Amino acid sequence: MADEGYSSTAWESTDNPDSNTNQTPPYGLFQPNNPSLIHESATAPALSPLPVKSTSPPPRSSSDSLGQLSTSRWRDSVTLPIERKDTLSTIPSDGISLVEPSFDENVLRVLCELDCGVPLLLDRIKQSMVSCREASVFFKKRAVLEEEYGKSLQKLARGTSEVYSMNDGKAGSFVNAWQSSMKIHEVMAENRIRFAQRLNEMSDELASLAKEVDKNRKQTKELATRYERALQESELNMEKSKSRLDTSSEELERVLLQKEGESLKDGGLQPKNQGGVAGKRVLGKAVAKGGLLLKGKNPGNIQRQEDDVRTRVSNASDLYRKALTDTQAMRQEYFNFQLPRILRALKECADEIDLGTQYHLTRYAFLFESIVLSDGSTLVPVSPEDGIGLKSTIESIDNRADFKIYMQNYAYARGGAAPRGPRREGPAEEGFLPPLPTHGVGAYSANPPVGNGHNSQIPDRGRPTFGVDLAEQMARDNVELPMILEKCCVAIEKYGLHSQGIYRISGMARKVASLKERLDKDMDSVNLDSEEWISDINNVTSVLKLWFRELPDPLLTSTLHQGFVEAAKIDNDRLRHIRLHERVNDLPDPNYATLKYFMGHLHKIAEYEPDNSMSIQNLAIVFGPTLFGQMITGNGSIGHGNGGMADTPFQNKALETILEHYSDIFVDETAEGGV
């Protein structure tokens, strides 16, 4: 359609005596600001010109195919006055604009001038869709890698932390640094998982964008194809009408020649491009070969034939003019209105997918930069509030202090065991030498050894607390709580909440014995805030456990021991809680007050389980035998209550249940009493 052109001349007049020989100017190319008219010929019935409606879009510019189609054989008695203007240059102010003000009209103008505007944009959108889909696939694959990396790192960090807590690894500053480093890895893993989620979202959005643009592209392409096909069918119909008009005109010329009495042998029609007698002879010979169609006709028949042919010529001319008018209107409608709309829609699709792809790529770059910066700030925090970072965490390991604590705990744990190696001391008659004086004790102990001579200097106020009945010492001191309990718990909560294995790890035997003696002689003179005791808070916890063990009657009393054990054996959690609550209420007032205060202290210790690794279950295991006490059985051996070692699991279960329901047993009861 775009490769054809209409460079026409007017219909040439024939030898019809009733017609004038007027020739119209050439119907050439459309040029901007160069209006031309197709004039009406006098050889056909007169028709009024069809003006272009004011509401129709302006005609097409110089690239309009009307100025390119070849119609050298057009002969028309009537042509249409068409004003030619530059496309989009004179859009009526009161009409609907073809494009939005934000649209680049210069780009649209250039696309309208190109014969390949539609396929150009279709191919461009196809390229953009390929790029968009490639970006979507990249985001999806990158998300899979990031998610796999994040989940693997998270699983590794958590698994390593759990396995280390169950194994017999180093404690002290090393375990703190190790657990902190695992938490740092977990934070980095969570950041990667969130990054993978964002990548999946962007991939899905790009895939949806490509799908939607592809759908719009196909719809617009189908619309453009339908308009082009309709215009081509209209032009084909016009060509057929023109061909029928040419045939009827030639037949009319032959009839007129016969009517004028010219010889078919010598006469002929003049061709349009040659003129003169030569053309008539060619036509005469062609007619003679056809069998001399008009030979032997009488004047009456010739006249009737002429009238009939003239009627056919008139009808063919009308049909041709109508086809020409329809084609002209359709061509103007397509090139001046529909084509700009189609090009605009395609250009908007191309811009949409290009800008969408660029936006998501920019977003990806920002997120990638953010995740790298986040990893960096996690490893090396900018401010101290964010932590100390991985390197500083590892550097915080104090192997010397860890070994000192390990040595102290190891010596205390193995102090009562039979020696495996050679004996150090023995009678002189067996060949043992007196022990050599020790040197360098200060290398392993920050505090100088405290011997009995030092403790013997402390005056004894005659108010012992170890091995004294609970009710007796509370009545003696006129207090609601044992002074040693309150003094030790305050120090432990101040310095030991974050200590690994608090109450589970024992202190140094020498230190524990020294502190016990001081507290027993003059409790008020002992300062548990001094460096001597806060350097290893396990000495204080060991003294407190020793005080509970040395009570003449256990805290939970021998009388109620079996009742606690029987209540702990109940499988139903709610019923077990109720029965143990009843047993707690049965305790004597000094024991109840002491148990309430100490359970609150242990409940606070359990709240810091992530730091000290002491859960309610662990605390129950440590204090179950301690609070129920050890009793002398009938055979003289040491056992736990009436049931011996068999009651130990139930003792632990009883204490665990009391701790779990601390608020229900103690705190809520106080609130109800105040109402």
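1. Start at the N-terminal end of H9, which Asp469 caps. In this predicted model, a side-chain oxygen of Asp469 sits 3.2 Å from the backbone nitrogen of Ala471.

2. Now H9 itself, residues 470-477. Leu470, Gln473, Met474 and Asp477 are buried. Why do they end up on the same side of H9? Because the arc they cover around the axis is only 100 degrees. As a reminder, an α-helix has 3.6 residues a turn, so positions three or four apart point the same way. Glu472 and Ala475, on the other side of H9, are exposed.

3. What do the buried residues of H9 pack against? Three helices: H10 (483-495), H13 (538-549) and H16.

4. H16 turns up again in the largest nonpolar core. That core has 57 residues, and H16 (residues 589-607) supplies the largest share, seven residues. The members touching the most other members are Tyr503, Leu544, Phe598 and Met599.

5. Neighbours within four places in sequence aside, Leu544 contacts Ile484, Leu485, Cys488, Cys489 and Ile492, along with Tyr503 and Phe598. Tyr503 and Phe598 are also on the list of residues that touch the most other core members.

6. In soluble globular proteins, nonpolar side chains do tend to be buried together.

Conventions:
Residues numbered from 1 in each chain as written. Predicted model: local features only at pLDDT ≥ 70, side-chain atom pairs only at ≥ 80, totals over all residues. Heavy atoms only, no water. Core = buried A, V, L, I, M, F, W, Y, C linked by side-chain atoms within 4.5 Å. Buried < 20%, exposed > 50% of the residue type's maximum accessible area, 1.4 Å probe, protein only. Helix = DSSP H or I, 4+ residues; strand = E, 2+ residues; numbered from the N terminus. Contact = heavy atoms within 4.5 Å. Arc of directions from axis to C-beta. Polar contact = N/O pair within 3.5 Å; in protein donor to acceptor, adjacent residues only side chain to side chain.
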